[in-house]
Amino acid sequence: MTHSISLSWSAVEATIPQTPVVPPAQLSNLELVRRCQLGARPDRAAFAELLRRYQSYVDKVLYHLAPDWQDRSDLAQEVWIRVYRNVRRLQDPVKFKGWLSRITTNLFYDELRKRKRVRPPLSLDATFKTDDGEREWEIAADDPGPDDALATDEFYNRLRLAIADLPEAFRTTIVLREIEGMAYEEIAEITGVSLGTVKSRIARARHRLQAELQTYIDS
């Protein structure tokens, strides 16, 4: 004799152990990227957490590339739109930060070519504001006199202009290395050139800057 046993689906579910959902704030960067790559669209909560963690980094890169652009926030927004649309294409989630840097840098140069700007787009860690603006240069000497302060201001202003005069490829590598502090391997990945080319560009950029500023170095 055959007996049929009916079980409701809710009763079956009750016997299955449930995996707790981890809040995005408790996930690692790698786990956040992987969660964003699931499904047809990135998980909103995970993506929002990625944005929160990396927004200041994107802002910093754009600031060094375009300190005098008043619409950097618009560029930053476009960066994250591109990240949202393309994060599933990132084959190695471990390299998310380098991929993000490449998107940010490429977006800047795309916009730069559109504007055909003449004024220098780069700055150093500190900016120099003339007239009534603040002076943000960090002067190493103890209690420098007016002449020393003026000479220091002049040096950093000339250095900023010298970097801006470098060829585009040299400017990018020297900013990523000296301002962003990236490793040669990271720069090679971002710029899409070989490690040897990165080292060569940085060496040549430093040589040109040294030659340009030799008068200040010798004084």
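Me: Which residues is Leu107 in contact with, leaving aside its neighbours within four places in sequence?

Reply: Leu107 is in contact with Leu75, Glu78, Val79 and Arg82, where contact means heavy atoms within 4.5 Å. The model is a predicted one, in which local features need pLDDT of at least 70 and side-chain atom pairs count only at pLDDT 80 or more, while totals for chains, interfaces and linings use all residues. Residues are numbered from 1 along each chain as its sequence is written, and side-chain values use heavy atoms, with hydrogens and water left out.

Me: How far apart are the C-alpha atoms of Leu107 and Glu78?

Reply: These C-alpha atoms are separated by 8.2 Å, and the two residues are 29 positions apart along the chain.

Me: Why is Leu107 called buried?

Reply: Buried means under 20% relative accessible area, exposed means over 50%, and partly exposed lies in between (1.4 Å probe, protein chains only). Leu107 has 5% relative accessibility, so the residue counts as buried.

Me: What makes Thr104 buried?

Reply: The relative accessibility of Thr104 is 1%, and the residue therefore counts as buried. Beyond residues up to four places away in sequence, Thr104 touches Val58, Val61, Leu62 and Val79.

Me: Is Val22 buried, partly exposed or exposed, and how do you know?

Reply: Val22 has 32% relative accessibility, so this residue counts as partly exposed. Its place is the loop between helix 1 (9–14) and helix 2. Apart from neighbours within four places in sequence, Val22 is in contact with Leu27 and Arg35.

Me: How many helices and strands does the protein have, and what makes a run count as one?

Reply: The protein has 10 helices and zero strands. Both are DSSP runs numbered from the N terminus: a helix is a run of H or I with at least four residues, and a strand is a run of E with at least two.

Me: Which residues of helix 2 are buried, and why are they said to lie on the same side?

Reply: In helix 2 (residues 29–36), the buried residues are Leu32, Val33 and Cys36. They cover an arc of only 95° around the axis, which puts them on the same side of helix 2; the arc is that of the directions from the helix axis to the C-beta atoms. Helix 3 (44–65) and helix 5 (96–115) are among what covers these residues.

Me: What makes the pair of Phe96 and Trp99 tilted?

Reply: The rings of Phe96 and Trp99 are 5.9 Å apart, centre to centre, with 50° between their planes, so the pair counts as tilted. Being three residues apart in helix 5, the two residues are separated by about one helical turn. Phe96 is buried at 2% relative accessible area, and Trp99 counts as buried at 11%.

Me: Why is the charge of Lys97 said to sit over the ring of Tyr57?

Reply: A charge sits over a ring if NZ of Lys or CZ of Arg is within 6 Å of the ring centre and within 35 degrees of the ring normal. Lys97 lies over the face of Tyr57, at 4.7 Å from the ring centre. The charged end of Lys199 sits over the ring of Tyr184, at 5.8 Å from its centre.

Me: What makes a set of residues a nonpolar core, and which members of the largest one touch the most others?

Reply: A nonpolar core is a set of buried Ala, Val, Leu, Ile, Met, Phe, Trp, Tyr and Cys residues joined through side-chain atoms within 4.5 Å. The largest has 48 residues, of which Trp80, Val83, Phe96, Leu100 and Ile174 touch the most other members. Helix 3 provides the largest share of this core, nine residues. Leu100 touches Tyr54, Tyr57, Val58, Val79, Trp80 and Val83, not counting residues up to four places away in sequence.

Technical notes:
Phe/Tyr/Trp six-rings, centres within 6.5 Å; stacked < 30°, edge-to-face > 60°.
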